[in-house]
Amino acid sequence: MTELDSARVAERIADLRADINRHNYHYYVLDAPTVPDAEYDRLLRELSTLEKDYPQFVSADSPTQRVGAKPVDSFKQVRHSVRMLSLDNAFDENELFSFDKRVRDKLSLNELAYAAETKLDGLAISLLYKRGELVQAATRGDGSSGEDVTLNVRTIKSIPLRLVGDDYPELLEARGEVFINKRDFAALNEKQSALGEKIFANPRNTAAGSLRQLDPKLTAERPLRFYAYGIGQISSTQTMPSMHTALLIQLKNWGLPVSPETKCVHGIQGCLQYYADIAARRAALPYEIDGVVFKVNDFAQQEKLGYVSRAPRWAVAYKFPPEEELTVVKNIDIQVGRTGALTPVARLEPVFVGGVTVTNATLHNEDEVRRKDVRAGDTVIIRRAGDVIPEIVAVVKDKRPANSPEFIMPERCPVCASATVKMEGEAVTRCTAGLFCPAQASQAIIHFASRRAMDIEGLGEKLVEQLFEAELVQNVADLYQLKLQQVAALERMGEKSAGNLLAALENSKRTELERFLYALGIREVGEATARTLARHFGSLDRIRTATQEMLEEVPDIGPVAAKNINGFFREEHNNLIIERLLAYGINWPALETKSEFLPLQGRTFVLTGTLASMSRDEAKQKLQQLGAKVSGSVSKKTDYVIAGEAAGSKLTRAQELGLKVLDEAGLVQLLQEYL
């Protein structure tokens, strides 16, 4: 490579690094991205390629050097030049008032300005920059010395490998918190679950554990973030601000992210107002916090106040009520939801946690109970974060009573005594009496009355709730014995509205078998499956008496759907409701069985765009009458895509796969040929 070529490559690499560092600053510090992710990735790929081809230009502060170095055997100890102290805590207003009085008395002032910050629930870290380049990172440790985690910290994208600008001190030690925000933590656990790996308990422990991995590549895979909250050693204080809040602005200008919630407040009332505001918004914050921190804002006043052995006199952490506490599980009850899902709920000895008294905690499902091995009588750790439903974090096994039995999910619904079922591959156990079970009744009626089911006009969710509150209905069959005066007496009804509802109920009695099957709300039985069942068997009696094996022989009905259908009709309570519905006069025209010729049987259609001569629903019904399956997504199994006006991504996908595409005229011609 010639000297000219070398100069050009070096210049391009320098430009790319400057661009990428600028984008990182806008993204992580200013929270104002300047380019799309794809453009950022393109720049990073170009830089990575150039550095690979010209390794002589690779430097430690390049944005490409975040993927993680080789694993280490252990962490070296780092001595802190300026001790990393802890903070004294205040747990109520009286303790906060006492702190404020102490510092005012010491300074002989009536009121002070405080820097107010959120107290991040993460891991304290020290970042040492020399001539703007990150050269060392260390944990707090015991305050005097910590562990050298430089290689791991270099993988955290929000921590600049080089400071921004040119006015930073020759030596600067920034201090702050490494943490994982809530959304990233949830995504991390979803990924862990999909891979069959361990689920992490909470963001704080996960952040701490991630930063202390001996293999930096593992740290690089964790979504760690950083906020600066102060400084340690510094080569010169001449150009440093005199106020703490101004210092944070300066750190931000140098490329170090700081919490956007930091502000200056005045006096004890300003502190209390800030605490109340953050407490109210705590659940909505993107990261976990366990309190707020108040620091005397003026550095000269901080210096005068000084330190005690382990904490500064000029700062205090006002902690929120604890989010984790110990209590005892009195019993494990079962709640039945509106969809029939059985949820175990731990009934607890009352405990004050997260600002409220907690007496219950959800256990989600049987698998969760077994994974945590929760039993009646256990001493457990309860966690409540913000407005989130309290959960059992872990069981204290050494406090478990002798011979305590394992939890067993009931085989019968605790509400209606019907059989329960847990499908293969599902975590949830369900009650099979969808029509009969009182816990599911309102949802069953809303579905039963919907337009694509029995199409009972005027019977919406609010009216269903009124009917239940007035104890006029308990299940779908009760709808057909409603009287005019009963309905008219309901709030906002009257005789005219009541008469309209009864007329709609009467009209709904004349229906189709496929609509009736869909209206029953059998799990896994949508409109298409209901239509397939009706046309295959031809009568309700034949469907009700079909074995699971017979159901699995029906096209497009797999083992899971077959088991759900069979279980539904094996449940006596469901059959009693169906018999009542038939006795009230619900009927449909007789159907021929599967021997009927359906010209589009086995063909899959997808509709996209707007049709002029008919609605999409009308087109769907006509295609289904001819035996076609109408899907909502395009795949290699799709036979035809019907493209109306303004067809979008589905048409593009069909063209990519080389599928047959018909316009509206082609659809009309096809329907006229067979209908």
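A residue is called buried here when its relative accessible area is under 20%, exposed when that area is over 50%, and partly exposed in between, with a 1.4 Å probe and protein chains only. The model is predicted, so local features need pLDDT of at least 70 and side-chain atom pairs count only at pLDDT 80 or more, while totals for chains, interfaces and linings use all residues. Residues are numbered from 1 along each chain as its sequence is written, and side-chain values use heavy atoms, with hydrogens and water left out.

In helix H8 (residues 244-253), the buried residues are His244, Thr245, Leu247, Leu248, Gln250 and Leu251. Helices (H or I, at least four residues) and strands (E, at least two) are DSSP runs numbered from the N terminus. The cover over the buried residues of H8 includes strands E3 (113-120), E7 (171-179), E8 (225-234), E9 (263-266) and E10 (289-296), together with helix H10 (299-305); contact means heavy atoms within 4.5 Å. After H8 comes Gly255, which has a positive phi near 105°.

Leu127 lies in strand E4 (residues 123-130). Its relative accessibility is 0%, and Leu127 therefore counts as buried. Beyond its neighbours within four places in sequence, Leu127 is in contact with residues including Val153, Ile159, Leu172, Phe226 and Leu256. Between Leu127 and Gly176, 49 residues apart in sequence, the C-alpha to C-alpha distance is 8.3 Å.

A further element of the description is a helix pair. Two packed helices are described by the angle between their axes and the distance between the axes. Helix H20 (residues 559-570) packs against helix H21 (residues 572-583) at an angle of about 70°, the axes being 5 Å apart. Axes are lines fitted to C-alpha atoms, for helices over the stretch in contact, and angles run from 0 to 180 degrees between N-to-C directions. H20 and H21 are therefore roughly perpendicular to each other, a label given to angles of 65 to 115 degrees, whereas those under 35 count as roughly parallel, those over 145 as roughly antiparallel and the rest as oblique. Phe568, Phe569 and Arg570 of H20 meet Glu572, Asn574, Asn575 and Ile578 of H21.

Across the whole chain there are 24 helices and 22 strands. Buried residues amount to 47% of the 675 residues. Among contacts with a separation of 6 or more, 68% involve residues 24 or more positions apart. Along the principal axes, the C-alpha atoms fill a box of roughly 95 × 70 × 55 Å.
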